[in-house]
Amino acid sequence: MRNRIRLLLLFFSALLCLSACRGRKPEGKKKVRIGVSVYDGYDTFISELTTAFREAAAAEARSVQIELSDAGRSQEVQDKAVRQMLDNGCDIICVNLVDRTAPGKIIDMAKKKNVPIIFFNRELVEEDLERWDKLYYVGADAKESGVLQGELAAAYLKAHPEADRNQDGVIQYVVLEGEAGHQDAILRTEYAASTLKERGIALEKLGYALANWNRSQAQTQVQQLLQSYGTRIELILANNDDMALGALDAYRASNIPLPPIFGIDGTEPGLSAVRDQSLTGTVKNNGIGQAEAMLSLALSLAAGEKSAYTLDRGKYIRIPYEAVSADKDSSITARSTELSR
């Protein structure tokens, strides 16, 4: 009798365990903690990119916690912020470098903690990215943006011969550069001008100004250029939309007719100015695409899975640019290369 009772108890216990296991919900995946450090939160493009990153993370089925830090253009501040993120237990760190030549401390700290780093938008030196197998870069090809800006400007100038105000067959121009020694600024400036020349546009560079990607600085710099050159300026090439808009502000405060002005980034204010034809054109830097690629890569790394994006040399994800012009007389059409996914 005791044996029968014992067997019955064991049988019912097994049924209860089985029922409990069937009724138990599967445990959700661990929350992914992502640290994001930007060089300057007041940069319009970076602000739009981080907003897109947050929105993409909020739409994820998997729980994502984002820890955001603004370095305020200080590499020392950024190094300290990344150290804190690592100490806080972030699974992945995404870094928009203040100084593209000084990622050493961040790389060493991350390597010690075995936490992957995704650098984005401000491309570090290739040799630094090769220092560890858990370093990645998400961004765009700065050369491509310069080429597209040059193509936009060349198409406009050919369609509008009146842009050559003194009719000397040469376009006198100025450049607003983003930052001294910055790779994107150097390549955008170089390839915009060389592409114009390749398209048969004769150029004379009157001058240039460093405006650090900043609208108000660009306005001040262009006001000074206008004092020196006035109506002789027939074209302005700006390394980004904020500086192009700063040039527009300077002209609006003067009585000098507006020349064609071209930006790069395709920020919302920049695109709005192109739509109302205040800016002649811009080259859209796909911040939403970069944000989505960065989040996808971060989640893949956290889960130990293969990325949905094709990584060039196992390190790089590059999002293509797109030329944008509101000028119906221009022969150029908006174009971009296909993203490999």
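The following legends accompany close-up views of a predicted model. Residues are numbered from 1 along each chain as its sequence is written, and side-chain values use heavy atoms, with hydrogens and water left out.

**View 1. Overall content of the protein.** The protein contains eleven helices and twelve strands; these elements are DSSP runs numbered from the N terminus, with helices being H or I of at least four residues and strands being E of at least two. Of its 341 residues, 52% count as buried, where buried means under 20% relative accessible area, exposed over 50% and partly exposed in between (1.4 Å probe, protein chains only). Among contacts between residues at least 6 apart in sequence, 72% join residues at least 24 apart; a contact means heavy atoms within 4.5 Å.

**View 2. The open sheet of six strands.** The strands follow the order E2-E1-E3-E4-E5-E11 with parallel pairing, two strands being paired if DSSP finds at least two bridges between them. Strand E2 (64–70) and strand E11 (316–318) each have a single partner strand, so one side of each is left without a neighbour in the sheet. On average, neighbouring strands of this sheet are turned by 20 degrees against each other, direction ignored. The axes are lines fitted to C-alpha atoms, for helices over the stretch in contact, and angles run from 0 to 180 degrees between N-to-C directions.

**View 3. Strand E1 and its two partners.** Strand E1 (residues 32–38) is joined by four bridges to strand E3 (residues 92–95), and the two run parallel. Within this pair, Ile34 stands opposite Ile92 in E3. E1 also pairs with E2 in the parallel sense, over seven bridges, and Val38 has Asp70 of E2 as its bridge partner. Six of the seven residues of E1 are buried.

**View 4. Helices against the sheet.** Helix H4 (residues 104–113) lies across E3, strand E4 (117–120) and strand E5 (135–139), at about 155 degrees to E4. Helix H11 (residues 287–303) touches E1, E2, E3, E4, E5 and E11, and its direction makes about 160 degrees with that of E5.

View 5. The search of the whole structure finds three cavities of 30 Å³ or more. A cavity is a set of points on a 1 Å grid over the protein atoms alone where a 1.4 Å probe fits but cannot get out, and lining residues have an atom within 4 Å of a point. Grid points are joined across faces, edges and corners, and the volume is the space filled by probe spheres set on the points. The largest cavity has a volume of about 140 Å³. Of its 13 lining residues, Asp43, Asn121, Arg188, Trp213 and Asp265 are the closest to the centre. Helix H2 (44–58) and helix H7 (183–198) each supply at least two residues of the lining. The lining divides into four nonpolar, four polar and five charged residues; Ala, Val, Leu, Ile, Met, Phe, Trp, Tyr, Cys and Pro count as nonpolar, Asp, Glu, Lys and Arg as charged, and the others, Gly among them, as polar.

View 6. Ser300 lies in helix H11 and counts as buried because its relative accessibility is 9%. Leaving aside neighbours within four places in sequence, Ser300 is in contact with Glu305, Lys306, Ser307 and Ala308. Glu76, in helix H3 (residues 75–87), counts as exposed at 53% relative accessibility. The C-alpha atoms of Glu76 and Ala102, 26 residues apart along the chain, are separated by 10.0 Å.

Technical notes: This is a predicted model: local features need pLDDT of at least 70, side-chain atom pairs count only at pLDDT 80 or more; totals for chains, interfaces and linings use all residues. On a 1 Å grid over the protein atoms alone, a cavity is a set of points where a 1.4 Å probe fits but cannot get out, and a pocket is an open set with protein on both sides within 12 Å along at least five of seven lines; lining residues have an atom within 4 Å of a point.
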